[in-house]
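Subject: Structure for your review

Dear colleague,

Please find below the structure I promised to hand over. My notes on what was found in it follow directly after.

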Amino acid sequence: MSEEPLRTTDTRAEERVTRMGTASVPKLIVEFAVPSVVGMVVNGSYNLIDSIFLGHAMGEVGLSAVTVANPIMIVFIALAMLVGNGGNALAALRLGEGDKDAAERSLGNVVTLSIILWVLVALAAANPTLMDMLLTASSATDEVRPYARTFLQILCFGFILQSIGMGVNNFIRTCGAPNRALGTMVIGLVAATAFNFWFVILLGWGVAGSALATLAGQACSVAAVLWYFLFTPGVPLKLRLRCLAPKPRVMGTILAFGFPSFAIQAGMAIVNFVLNYQLARYGAASDIGAVNALASIGVISRIGMFSVMPLVGIAIAIQPLLGYNYGAKKIGRVRQTLWLGIAAASAISLLEWGVIMLFPEAIVAAFGITTESLVAFTTFALKVQFLMLPFVGFQIVGANYFQATGQPAKSIFLTLTRQILFLVPLLMVMPDILPQIDPARTGLDALYFATPLSDFLSIFTTVLFIAWEMRRLRQMQGSTR
């Protein structure tokens with residue numbers, strides 16, 4: 001790692017950072033958002049790739065194994081975003097304040113936190129009792145349990161690759177090189193796809209091959225990320241050995257800033273644990289059975305996660321712009337960035353909604369689901385669950401705004417409204433309520449009707465918070481004139 005004394009970056013590197021406070025906001029958002037959105041789509045594609053290859057190679061059992069593993073895999077993403085997004089938000093604020101040394105300490109401590117989390121995750125994977133508890137919590141059936149265990153343990157032992165590949169990658173965007181950040185992600189996805197085809201389809205390694213292929217792709221991405229911060233000349237931030245030294249105050253701030261991003265993913269994990277439990281319970285009482293219910297709704301959940309990724313990409317893309325300008329007290333640019341970000345996210349979510357509503361059968365078929373009754377059930381559930389998708393972009397960007405501007409408590413609350421505070425209770429009570437309202441619907445049907453209702457409530461809550469924040473920003477802007 002670089003040990004040379006800290007020195008002033010060259011003029012070009014400084015301009016890449018300072019232009020966040022001077023250049024055209026629409027132009028900056030386009031420049032940052034395109035690679036960020038594509039990058040999040042790339043990250044979200046890992047789960048889809050695993051499901052598609054395993055669905056075609058192993059059928060419903062393979063899909064069910066990934067569904068059982070999915071809540072724990074989401075926890076991995078949550079941990080990577082906890083340190084990565086938190087550190088990136090802190091670095092952007094410090095750069096806006098002109099403190100490059102503090103920004104580099106944030107980068108170094110993100111790497112240190114990633115290593116600490118990896119050790120904890122690996123120790124958990126090596127504990128058979130704990131693994132059994134996690135699989136039971138995720139409602140693994142006896143048929144699916146051994147496959148899910150193998151898949152998860154391999155990913156746990158390689159967690160450091162995901163943590164560095166996702167977490168540190170965000171800093172490349174803050175350094176003013178969003179296209180480079182995208183490149184490191186694309187490298188990983190292409191490699192993971194190729195290894196999945198090789199390991200799962202050609203060699204027939206099943207779930208173990210899929211997990212190993214995922215780690216191989218992530219390793220390629222990590223190599224590209226570290227190369228940028230260690231060997232690329234003239235970058236605004238360097239990964240320096242002395243900056244890896246743990247600083248409790250820096251780590252605490254990173255975790256506080258990153259907690260809203262963590263809460264988004266952790267909320268998804270909790271929802272998936274609850275959903276798997278309800279699927280096993282009500283699926284067993286239905287005609288399609290527990291394994292098919294896990295496979296069907298599991299596919300829809302992964303599509304849901306994938307649809308959110310580009311919206312999170314917009315939120316992440318504007319995060320350094322919001323943080324830099326908020327730190328520099330350029331309130332007009334903050335407001336402009338927020339509304340343009342909301343517009344971009346809403347456009348993407350509307351496009352996704354249109355594709356899902358027009359081509360649900362083709363989407364379901366891509367995952368290897370062929371049984372006629374299961375195709376019909378999955379197709380209808382897919383269309384119902386995504387009714388409110390056109391408005392979800394507003395909710396995600398609105399909640400992330402508060403994280404980017406150093407108001408994590410508000411961001412945490414808004415994030416939890418959609419993922420936990422509304423959805424989890426609805427998943428628990430609607431199977432009892434919906435059949436009474438509509439006798440033609442079963443408890444299993446209620447599990448996918450819960451999502452659009454939860455989305456509506458969380459969007460309405462976010463509208464109230466953003467309206468109040470706009471009033472506060474207008475007062476701030478008036479006081480600075």
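I begin with Thr-193, which lies in helix H9, residues 178-202. This is a predicted model, in which local features need pLDDT of at least 70 and side-chain atom pairs count only at pLDDT 80 or more, while totals for chains, interfaces and linings use all residues. Residues are numbered from 1 along each chain as its sequence is written, and side-chain values use heavy atoms, with hydrogens and water left out. Helices are DSSP runs of H or I with at least four residues, numbered from the N terminus.

Thr-193 is partly exposed, at a relative accessible area of 30%. Here buried means under 20% relative accessible area, exposed means over 50%, and partly exposed is in between, with a 1.4 Å probe and protein chains only. Not counting residues up to four places away in sequence, Thr-193 touches Ile-49 and Phe-53; contact means heavy atoms within 4.5 Å. From Thr-193 to Pro-128 the separation is 65 residues in sequence and 30 Å in space, C-alpha to C-alpha.

Thr-214 belongs to helix H10, residues 206-231. With a relative accessible area of 4%, Thr-214 is buried. Once neighbours within four places in sequence are left aside, the contacts of Thr-214 are Tyr-46, Asp-50 and Leu-155.

**A nonpolar surface patch**

A nonpolar patch on the surface is formed by Phe-197, Trp-198, Ile-201, Leu-202, Leu-203, Trp-205 and Leu-212, with about 670 Å² of accessible area together. Patches of this kind are made of residues with over 30% relative accessible area and no salt bridge, nonpolar side chains (Val, Leu, Ile, Met, Phe, Trp, Tyr) being joined within 5 Å and like charges within 9 Å. The areas come from the Shrake-Rupley method with a 1.4 Å probe, and for residues only the protein chains shown count as cover. H9 supplies the largest share of the patch, four residues. Leu-203 sits in the loop between H9 and H10 and is partly exposed, with a relative accessible area of 38%.

Helix H12 (residues 290-327) has 38 residues and spans 52 Å from its first C-alpha to its last, close to the 56 Å expected at 1.5 Å a residue. The expected span is 1.5 Å times one less than the number of residues in the helix. Of the 38 residues of H12, 35 are buried, so this helix is largely enclosed by the rest of the structure. At Ile-318, shortly before the proline Pro-320, H12 has a kink of about 35°; the bend at a residue is the angle between axes fitted to the seven residues ending there and the seven starting there. Lys-329, which follows H12, has a positive phi near 60°.

Helix H15 (residues 372-385) has 14 residues and reaches 20 Å between its first and last C-alpha, close to the 20 Å expected. Its buried residues include Leu-374, Phe-377, Leu-382 and Val-384.

**Arg-418 in H17**

Arg-418 is in helix H17, residues 408-421, and is buried at a relative accessible area of 12%. Leaving aside neighbours within four places in sequence, Arg-418 is in contact with several residues, among them Val-308, Gln-395, Asp-455 and Ser-458. Arg-418 and Phe-456 are 38 residues apart in sequence and 8.8 Å apart in space, C-alpha to C-alpha.

**Salt bridges**

Five salt bridges are found in a search of the whole structure. A salt bridge is a side-chain nitrogen of Lys or Arg within 4 Å of a carboxyl oxygen of Asp or Glu.

Glu-104 pairs with Arg-240, the closest N and O atoms being 2.8 Å apart. Glu-104 lies in helix H4 (residues 100-125) and Arg-240 in the loop between H10 and helix H11 (248-284), so the pair ties together parts that are 136 residues apart in sequence. Glu-104 is buried at 1% relative accessibility, and Arg-240 is buried at 3%.

Arg-145 and Asp-132 also meet in a salt bridge, at 3.7 Å from N to O. Arg-145 lies in helix H6 (residues 145-157) and Asp-132 in helix H5 (residues 128-137), so this pair ties together parts 13 residues apart in sequence. Arg-145 counts as buried at 19% relative accessibility, whereas Asp-132 counts as partly exposed at 30%. Asp-132, Arg-145 and Arg-149 are linked in a network of salt bridges.

With kind regards

Terms used
Helices (H or I, at least four residues) and strands (E, at least two) are DSSP runs, numbered from the N terminus.
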